[in-house]
Structures are given as C-alpha cells and as structure tokens.
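Colleague: Could you walk me through this protein? I have it open on my screen and would like to go slowly.

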Amino acid sequence: MDGTQSTTDGTGTAAQGRAPGGPAGRSWRDRAWWNRPRSVVVGAVLAGAVVFLVGTLAGVDPQVRAGTGTLEVTISLVIATSLTAALGGWGVRALLLRRPGGGRTAWLVLSGTVLLVSLLGPLGAANAGAVVLLQLEHLAVGGVIMLGLSGAEPREAGARKPAAPRA
C-alpha cells in the first residue's frame with residue numbers, strides 16, 4: 001500500500017488522502033501525553049516575548065517599583081517568568097488529570113483565579129504604559145497556559161498499548 005486511503009466527501013465522490021494523523025495513522029490524541037503541553041510551554045514563552053517586544057518597540061519603558069528603587073523588565077526576565085509559569089501550570093494540570101474526569105473544571109477555575117490575581121502585580125509599574133504592557137503580557141501568557149492546557153485529557157488507568165506480536 002502507498003499510505004493513502006480512499007474516502008468519500010459526502011457527495012459520493014471518492015477522495016484520496018493520507019490516513020488521519022499522518023503516515024503512521026495516529027491522531028494527536030494517540031501521541032505521547034507530553035506533546036501538547038510542550039507546545040503550550042513554547043507558545044506561552046513566545047506570547048510573552050512577542051508582547052514585550054511589540055511594547056518596547058512602541059516606546060514603552062517597562063519598569064516596576066521594587067523596594068526603594070525600580071526594576072527594569074528585560075526580555076530575559078519575561079522569558080524566564082513565562083517559562084516558570086508554563087512549567088508550573090503543566091505540573092498542576094498533570095496532577096489534576098489524575099482526578100476522576102480529568103479535573104478540567106478545577107483547572108479552569110484555578111488557572112483563571114491565578115491569572116486574575118497575577119494582573120494585580122503590574123499595577124505597581126512605574127508608569128501607565130508599563131502597567132498596560134505588563135498586564136497584556138500576563139493576559140497573553142496566562143491565556144495560552146490556561147486555554148492550552150485545558151484540552152488535556154486523562155490517560156485511562158492501566159491503559160497500555162498492546163505489545164507487538166513477536167515473530
């Protein structure tokens with residue numbers, strides 16, 4: 001076989017195409033559990049970095065009040081913080097997936113609450129432009145994490161792929 005299958009498109013006309021999910025015929029649900037969360041982690045870091053770069057290119061000077069002085073928010077700080085938040089979210093989501101039903105509602109409530117509380121942090125920024133920029137960053141990174149990991153599905157207890165027969 002050449003890896004294609006014949007299907008009908010609803011009108012009775014045969015259509016040639018690859019098996020669903022690529023050459024191996026596997027959909028994203030059949031892949032290892034860590035494939036999707038890794039994409040969310042990368043997406044969250046990229047979202048934070050893009051918002052930061054667009055904001056600084058627009059002339060915003062992102063500084064926050066820290067103690068008696070100010071702290072300059074840099075791209076490396078944004079990347080490190082986004083990465084930490086995404087990995088932490090992945091860990092919490094993995095724990096919630098052990099609950100009956102996968103804990104999707106608990107995840108959405110918990111991650112939404114954390115996102116809302118995190119929006120209070122940028123209120124201590126040095127100027128109004130920095131407040132807006134940092135809150136947009138929090139929304140972008142938090143939104144990617146919250147919505148991206150909400151689609152994770154629990155693995156069935158004790159479910160393993162059948163072993164290939166030995167020849």
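**A walk through the model**

Modeller: Of the 167 residues of the protein, 27% count as buried, and please keep in mind as we talk that this is a predicted model.

Colleague: Okay, how many helices and strands does the protein have?

Modeller: There are 4 helices and 4 strands in the protein, and if you start at the N terminus, the elements come in the order β-β-α-β-β-α-α-α.

Colleague: Which residues make up the largest nonpolar core?

Modeller: That core has 10 residues in all, namely Val40, Val41, Ala44, Ala86, Trp90, Leu96, Trp107, Val141, Ile145 and Leu149. Helix 1, helix 2 and helix 4 (128–150) each contribute at least two residues to this core. Another core, of 8 residues, lies apart from it, and Val64, Ala130, Val131 and Leu134 are among its members.

Colleague: Going back to Val41, what does it touch?

Modeller: If we leave aside residues up to four places away in sequence, Val41 touches Leu83, Ala86, Leu87 and Trp90.

Colleague: And Ser82, is that buried or exposed?

Modeller: Ser82, which is found in helix 2 (residues 75–96), counts as buried because its relative accessibility is 5%, and the cut-off for buried is under 20%. Again not counting residues up to four places away in sequence, Ser82 touches Ala44, Val45, Gly48 and Val141.

Colleague: Let's switch to the surface. Which residues make the nonpolar patch there?

Modeller: Leu53, Ile75 and Ile79 make a nonpolar surface patch of about 220 Å². Leu53 lies in helix 1 (residues 35–57), and it counts as partly exposed because its relative accessibility is 43%.

Colleague: New topic: how do strand 3 and strand 4 run?

Modeller: Strand 3 (residues 63–66) and strand 4 (residues 69–72) run antiparallel and are joined by 4 bridges; in one of these pairings, Ala66 has Gly69 in strand 4 as its bridge partner.

Colleague: What sits between strand 3 and strand 4?

Modeller: The two strands form a hairpin with 2 residues between them, and in the turn Gly67 has a positive phi of about 65 degrees.

Colleague: Last one: what share of the contacts join residues at least 24 apart?

Modeller: Among contacts between residues at least 6 apart in sequence, 57% join residues at least 24 apart.

Technical notes. Residues are numbered from 1 along each chain as its sequence is written. This is a predicted model: local features need pLDDT of at least 70, side-chain atom pairs count only at pLDDT 80 or more; totals for chains, interfaces and linings use all residues. Side-chain values use heavy atoms; hydrogens and water are left out. Buried means under 20% relative accessible area, exposed over 50%, partly exposed in between (1.4 Å probe, protein chains only). Contact means heavy atoms within 4.5 Å. Patches are made of residues with over 30% relative accessible area and no salt bridge: like charges are joined within 9 Å, nonpolar side chains (Val, Leu, Ile, Met, Phe, Trp, Tyr) within 5 Å. Accessible areas come from the Shrake-Rupley method with a 1.4 Å probe; for residues, only the protein chains shown count as cover. A salt bridge is a side-chain nitrogen of Lys or Arg within 4 Å of a carboxyl oxygen of Asp or Glu. A nonpolar core is a set of buried Ala, Val, Leu, Ile, Met, Phe, Trp, Tyr and Cys residues joined through side-chain atoms within 4.5 Å. Two strands pair if DSSP finds at least two bridges between them.
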